[in-house]
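Visitor: I would like to learn how to read a structure step by step. Could you take me through one, giving the general idea before each case?

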Amino acid sequence: FTEMPTQNFVESCFWNFDSLFQPQQHPARDAHDTFFISEPRVAKDFPMDYLYRVKQIHSEGGHGSQGYKVDWKIEEAEKNILRTHTTANSARMLYRLAQQKEFKPVKYFSIDRVFRNENVDDTHLAEFHQIEGSVADYGLTLGDLMGIIQEFFKKLGITKLRFKPAYNPYTEPSMEIFSYHEGLKKWVEIGNSGIFRPEMLLPMGLPENVSVIAWGLSLERPTMIKYKIDDIRTLIGPKVNLQMVYDNPICILDN
Amino acid sequence: MLKTIVFISSFAAVFIPGCRKRVGLSRDLLLNGSLTLGHTYGTAIEETVFEKCLSSSGVFSALVDPMGNSVDVSTLESLLFAVTSILSNADICTYKDAYVSCIKTDLPTSSYAADARLKNVINVTKFESEINSICSMNISNLISAVQGCESNLVTIKTSCITVDYSSDANFCAHRRITFEEFDELCFEFGVEPEEPDEKEIAENPDSALEWKVEIGANRYDLLCLEGLARGLLVFLEKIKAPIYKSIPAWTGKSAKLRILPSTAKVRPFAVAAILRNITFTPESYKSFIDLQDKLHQNLCRRRTLVAIGTHDLDTIKGPFFYDAKPPSKIKFKALNQTQEMTACQLMELYSNESHLKQYLPIIQDKPVYPVIYDSNGVVLSMPPIINGEHSKITLNTRNVFIECTATDLNKAKITLDTIVTMFSQYCSPKYEGIESVEVVNPCGTSVMYPELHYRLEEIDVSETNQKIGICIPPGEMARLLTKMCLFSLSLYSINVHVHIFLSLTTIHVIHACDIMEDVAIAYGYNHITKTIPQTNCIGNQYPINKLSDLLRQEIAAAGFTEVLTFALCSRDDVADKLGKNIKNVNAVHIANPKTLEFQVARTTLLPGILKTISKNKNMPLPLKLFEISDIVMCDPKKDVGARNERWMCAVNYNKSSGFEIVKGLLDRVMQLMEIPFQKGNDGYYIEACDDPTYFQGRCATVILRGKPIGKIGVLHPDVVTKFDLNNPCSAFEISVEPLLRSS
């Protein structure tokens with residue numbers, strides 16, 4: 001897997017939402033879920049022919065899709081926000097991949113910070129870390145996605161997994177990943193995954209029979225479960241418990 | 001050579017408790033070339049006659065229904081499926097009923113065993129296992145959904161779901177379903193049920209008998225109990241999804257809603273429909289109101305895109321008019337009010353009511369407000385705010401007039417379709433109470449609503465199999481899709497495709513991949529074999545991350561402890577508290593912070609570390625902390641106008657400031673990067689400077705290869721105090737990116 005460049009907390013709505021086929025009227029684009037930027041307020045320099053194709057697929061459909069049948073406004077897309085997921089960076093990478101003359105399969109990953117406009121309490125933060133992995137190749141299947149997720153979590157010492165149908169605007173099919181927690185004696189959600197929609201990939205220019213499978217999880221939640229931490233603020237931020245940092249053992253996960 | 005004789009000796013269908021109709025197959029008149037299908041309704045027998053086409057070998061190769069469509073009959077279940085789905089009146093069409101009625105046939109039965117032949121009584125094969133589990137859902141004693149509208153939750157009374165626990169077809173015993181079984185079912189289907197926790201039960205004891213089910217954001221057809229129950233029952237193959245159609249008015253003349261031109265200024269679109277002959281119970285009434293609330297919250301985006309109004313048709317007289325008038329000209333008695341008031345007075349009244357005041361801004365400042373009235377001038381509603389008292393719906397209402405006004409016509413149509421389809425089951429006859437209304441546009445053209453469009457889609461069986469990673473035949477795929485409320489048939493003649501009849505309740509299907517997901521869900525995600533992608537790639541770390549990781553290990557080895565701090569902070573943190581002016585800081589500002597801790601993105605790592613020290617004052621001294629992380633700054637050269645830069649900051653907090661300690665660390669870092677301490681193009685050095693954050697005379701710029709990359713020094717006492725610290729501090733902060741270019 002190759003690490004993606006993710007050194008931009010500030011992202012435009014275009015890459016964070018529109019290129020991922022998330023509709024402009026989706027609740028996640030509301031002010032109470034996302035941090036909007038007042039300075040610099042808007043982004044510029046979009047690849048215009050790609051932007052036009054994204055506009056088409058949202059408003060009218062195409063490539064076998066019905067689309068969302070709503071007017072697509074560039075004013076919404078150019079607004080800057082603090083990224084809500086590193087999937088925005090995956091979109092940039094996939095677009096770049098599609099511009100190459102010949103398609104070569106790739107595997108990408110990233111581990112970086114994302115932002116949600118939430119009230120901070122003992123289980124929620126406004127900023128946290130997202131782990132993201134994706135594979136782009138010809139003929140990938142849902143079975144492949146489940147298989148690679150299983151191997152990934154095996155490396156983290158998690159072996160009992162179940163998959164549940166879910167909904168993401170940019171993946172179809174989508175699956176939530178659950179693992180069995182021996183201590184809590186129940187299935188807890190540990191991640192989300194799916195196959196990117198054709199409405200996202202085809203306007204970029206990727207060949208039709210290329211599928212991109214992807215999965216993601218947060219870093220904080222599994223850490224809290226593993227180390228039995230109740231308050232997320234003792235793990236990250238100024239209220240970190242320094243004694244915990246001093247005393248922490250080395251971490252070997254795949255025992 | 002299969003002779004297809006399909007007959008039963010008599011109408012000996014096994015009686016299933018609760019069924020009013022039975023489906024039977026009467027004697028096949030093979031000889032005179034027709035297959036007669038009968039179904040009983042009480043004692044009367046209605047027969048529908050189909051033509052049958054025999055191929056030359058005498059095998060049933062196709063069946064043509066009265067409308068001339070050909071259907072697959074290559075296996076018994078597809079024959080029965082075809083036959084029962086064409087019968088529009090049989091609403092108990094489960095495979096079990098149909099199977100039990102049929103005594104002998106030579107058609108192959110299970111799609112898995114296409115070659116197997118049936119002997120005598122048909123074994124229920126695969127369906128047996130499902131029948132042994134959840135067998136029925138009695139949806140007649142439903143409880144209403146919760147007040148206060150959480151827009152994605154549907155509440156179910158636990159007692160309304162029962163399970164058969166006997167495998168003997170002649171005897172059915174029921175017990176209440178357990179949460180675990182229900183959770184299992186919901187897990188496979190893709191919704192999430194929750195049991196109430198102790199706090200909720202303490203506040204509201206009735207809630208102990210309720211479960212809340214969270215529905216995905218794109219499934220408007222599952223948002224009310226009726227819809228969810230129907231979805232689950234179809235998934236379990238207990239019922240078949242009804243076909244909805246709107247019928248013209250009995251009198252021959254449809255109700256009319258005229259849209260007048262002035263509405264274009266404020267809310268241009270409107271659609272309407274009638275539910276005829278509906279019977280409400282207290283529970284279904286609450287469910288009806290609640291569905292409107294939920295749709296208002298999510299699909300209608302808090303009434304800004306669409307607003308729904310429902311009225312008792314018998315209290316009003318058509319034709320109806322949708323107009324927009326100046327507020328002073330609108331006067332009516334609003335819902336639950338005792339007097340007539342003008343629109344201005346109503347806006348005043350509701351500005352104090354938390355429930356409605358959020359909707360007032362949608363029309364408040366417009367010159368005209370939308371209003372709907374009937375031919376007697378009685379006001380039905382003033383969308384999106386409030387309906388009129390006169391036409392309000394009660395438990396005795398028999399005919400409902402539904403209107404949706406909107407700024408987005410497409411969403412209005414979806415909203416209208418959702419309401420009528422969810423509640424047409426309470427009409428009599430069932431599902432047949434959707435009556436169309438003619439909506440006349442300002443330019444004179446008219447459209448009949450609800451549209452209730454169906455469309456036909458086709459998917460390729462082998463492509464779908466390949467994309468999921470399974471291998472099932474077309475008939476099985478068709479069955480799986482039907483479970484997901486997507487009526488499907490596989491055409492025998494074109495064996496590679498499955499044809500799907502998409503109803504409006506499957507509005508979430510916008511591309512073939514949505515259909516493929518439904519096949520996978522019906523198959524069961526957890527039944528798919530897991531494989532590893534064959535892709536081979538070379539792995540790579542992003543260079544700055546690799547360098548950061550290596551440096552973190554070394555700095556920790558030098559006796560410093562790493563911290564991870566927030567990227568967002570207050571304006572003061574990066575300016576005033578450091579002795580600087582926010583205008584000079586070049587920070588990225590947040591437009592909508594919830595608290596002042598999120599006003600800007602950090603331009604320096606120093607505040608984060610100082611705050612960490614202030615929250616850990618009980619720790620023994622010295623505190624030597626560091627962080628290697630991104631800061632954010634405006635950059636007009638970037639497309640988004642800002643970029644991140646990797647910086648490193650180390651702080652020594654002790655009884656004495658310890659400048660030599662941080663300088664020692666800086667030297668060590670440079671040593672690790674093979675950068676010599678020298679002026680000139682290859683090395684680094686420090687040069688005294690003035691900086692308000694640092695103590696005058698104890699501050700220097702760090703210069704690498706002729707360019708400044710950061711600062712080092714003893715922190716100014718004002719800074720130390722502003723961050724609520726008690727001891728002196730020294731620190732350095734440099735950008736890591738120039739270090740990368742060295743190696």
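Visitor: Where is Pro622(B) found?

Guide: Pro622(B) is found in the loop between α17 (606-614) and β31 of chain B, where helices (H or I, at least four residues) and strands (E, at least two) are DSSP runs, numbered from the N terminus. This is a predicted model, in which local features need pLDDT of at least 70 and side-chain atom pairs count only at pLDDT 80 or more, while totals for chains, interfaces and linings use all residues. Residues are numbered from 1 along each chain as its sequence is written, chains are lettered from A and ligands numbered from 1 in the order in which they are written, and side-chain values use heavy atoms, with hydrogens and water left out.

Visitor: Which peptide bonds are cis, with omega near -5° or near 0°?

Guide: Most residues other than glycine have a negative phi, and most peptide bonds are trans. Here the bond from Leu621(B) to Pro622(B) is cis, with omega near -5°, and the bond from Tyr449(B) to Pro450(B) is cis as well, with omega near 0°. Pro450(B) is found in the loop between β23 (446-449) and β24 (455-460) of chain B. As for phi, Asn277(B) has a positive value of about 60° although it is not a glycine, and its place is in the loop between β13 and α7 of chain B.

Visitor: How many residues of chain B are in contact with chain A?

Guide: The size of an interface is often given as the accessible area lost when the parts come together. In this model, 87 residues of chain B are in contact (heavy atoms within 4.5 Å) with 96 residues of chain A. The buried area, which is the accessible area (1.4 Å probe) that two parts lose on being put together, summed over both, is about 7400 Å², and carbon and sulfur atoms give 57% of it.

Visitor: How many salt bridges are there between chain B and chain A?

Guide: Side chains of opposite charge can pair when their charged atoms come close. The count between chain B and chain A is 3 salt bridges, each being a side-chain nitrogen of Lys or Arg within 4 Å of a carboxyl oxygen of Asp or Glu. Asp639(B) forms one with Arg92(A), with the closest N and O atoms 3.2 Å apart. Strand β31 (residues 623-634) of chain B gives the most to the side of chain B that touches chain A, with 7 residues.

Visitor: Which strands of chain B stand at the edges of the sheet?

Guide: Strands of a sheet pair through backbone hydrogen bonds, either parallel or antiparallel. Strands count as paired if DSSP finds at least two bridges between them, and an open sheet of 7 strands in chain B has the order β27-β31-β32-β36-β35-β34-β33, with mixed pairing. At its edges stand β27 (561-562) and β33 (684-688) of chain B, each with a single partner strand, so one side of each is left without a neighbour in the sheet. β33(B) pairs with strand β34 (residues 694-704) of chain B in the antiparallel sense over 5 bridges, and the bridge partner of Tyr684(B) in β34(B) is Leu704(B).

Visitor: In which sense do strand β3 of chain A and strand β29 of chain B pair?

Guide: Strand β3 (residues 37-39) of chain A and strand β29 (residues 589-590) of chain B pair in the antiparallel sense, over 2 bridges. Within this pairing, Ile37(A) stands opposite Ile590(B) in β29(B).
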